[in-house]
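Thank you all for coming. I would like to take a few minutes to go through one structure with you, beginning with the overall picture and then turning to the packing inside.

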Amino acid sequence: MSPTAGTATEKTTTPDSVSAAEPVRAPASVPSAAFAPPGASSPRGRPVRSGAARLRPAVRRLPYLLVRGATKSLAIVALVLLWETAPRLGLVDRTFLPPFSEVARAWWELAADGQLADNVRASLVRSFSGFGLAVAVAVPLGLLIGWYRPVADLLGPLLEVFRNTAALALLPVFVLLLGIGETSKISIVVYACTWPILLNTISAVRNVDPTLLKLAKSMDLPAPRLFQKVILPSAVPVMFTGIRLAGAVSILVLVAAEMIGAKAGLGYLINASQYNFAIPQMYAGIITISAIGVAFNQFLVAVERRLSSWRVPADG
């Protein structure tokens with residue numbers, strides 16, 4: 001090798017010089033996506049979306065959401081308008097059906113002085129206590145009766161007797177046996193809520209898809225695993241139908257029970273307003289009961305969707 005060639009080689013390999021074959025790299029502290037123009041792909045192959053691009057789907061869905069919300073609330077708005085105009089036009093006696101604006105004013109006055117909060121709190125404690133006890137008792141019992149035929153044959157006649165006995169018909173019995181305190185009111189709620197949950201749970205277990213059962217048995221699943229992986233998930237939708245029915249019953253039955261010997265609660269508020277001829281306050285209590293019932297039902301629907309997230313939608 002000639003000296004001239006060796007000198008040239010040493011010059012091209014000195015650390016101070018940059019080889020022409022090496023590309024110029026961006027600084028390590030700056031992401032490579034920062035050099036990409038809008039709409040270019042990221043290093044992993046995904047397009048880099050700007051904030052405006054992410055907002056476009058939401059903007060496109062906004063008219064649909066507005067129309068859907070207006071459609072759902074149209075009937076309620078029409079009812080409120082009819083309620084407001086009918087007494088003012090003389091179509092009904094405003095003494096017994098005051099305009100909605102007067103009812104709303106009475107509701108606000110009850111909420112401002114704390115009466116509404118006290119009565120709502122008393123009713124919710126009784127209603128949720130009875131409802132929770134009914135769920136804790138009826139769901140395991142329904143699963144047991146639906147899964148084991150001997151238990152169903154033993155308890156079937158007794159269930160038929162009590163399921164056809166109205167809860168409010170037994171209210172005097174509960175008052176006589178348990179008094180007019182909290183125990184009788186919670187007990188009547190437990191009794192009324194038990195039957196929708198129990199009967200729907202039994203039906204849900206008995207109507208599980210036989211194909212799923214055969215498939216699970218062909219895999220030699222033991223009985224506890226079969227119950228956990230097939231029976232219980234399949235029974236959730238029908239079981240929650242009974243739970244939602246019981247949620248509505250818990251409030252309706254409690255209001256009737258609070259009209260007898262209660263000193264607080266929405267039923268007491270409605271009954272006392274009627275006797276004192278405070279008609280707007282009476283309707284304010286009724287509206288509050290309806291709002292609580294709707295909110296509780298929506299909560300149960302959300303819980304049902306959470307527990308049934310494995311299901312494939314019918315339209316999908």
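What percentage of the 316 residues in the protein is made up of buried residues? Before I answer, please keep in mind that this is a predicted model. The buried residues make up 29% of the 316.

If we take the contacts in the protein with a separation of 6 or more, 69% of them are accounted for by residues 24 or more positions apart.

The largest nonpolar core has 39 residues, and within it Phe131, Ile188, Ile197, Leu198 and Ile243 touch the most other members. At least two residues of this core come from each of helix H4 (115-147), helix H5 (149-163), helix H6 (171-178), helix H7 (182-206), helix H8 (210-218), helix H9 (223-258) and H11, and H9 gives the most, with 12 residues. Taking Ile188 as an example, and not counting residues up to four places away in sequence, we find that Ile188 touches Ala167, Leu170, Leu171, Phe174, Val253 and Ala257.

Now to two helix pairs. H5 and H7 pack with their axes 12 Å apart and at an angle of about 145°, and H5 passes H7 in a left-handed crossing. On the H5 side the contact is made by Arg149, Ala152, Leu159, Phe162 and Arg163, and on the H7 side by Tyr191, Trp195, Leu198, Leu199, Ile202 and Arg206. By class, this contact of H5 with H7 has eight nonpolar and three charged residues, with no polar ones.

The other pair is helix H3 (residues 100-112) with helix H11 (residues 279-307), whose axes come within 8 Å and cross at roughly 80°, which makes H3 roughly perpendicular to H11. Here H3 contributes Phe100, Glu102, Val103, Ala106, Trp107, Glu109 and Leu110 to the contact, while H11 contributes Pro280, Gln281, Tyr283, Ala284, Ile287 and Thr288. The residues of this contact of H3 with H11 divide into nine nonpolar, two polar and two charged.

Key. Residues numbered from 1 in each chain as written. Predicted model: local features only at pLDDT ≥ 70, side-chain atom pairs only at ≥ 80, totals over all residues. Heavy atoms only, no water. Axes fitted to C-alpha atoms, helices over the stretch in contact; angles between N-to-C directions. Helix = DSSP H or I, 4+ residues; strand = E, 2+ residues; numbered from the N terminus. Parallel < 35°, antiparallel > 145°, perpendicular 65-115°, else oblique. Contact = heavy atoms within 4.5 Å. Nonpolar A, V, L, I, M, F, W, Y, C, P; charged D, E, K, R; others polar. Core = buried A, V, L, I, M, F, W, Y, C linked by side-chain atoms within 4.5 Å. Buried < 20%, exposed > 50% of the residue type's maximum accessible area, 1.4 Å probe, protein only. Left-handed = near helix turned anticlockwise from the far one by under 90°.
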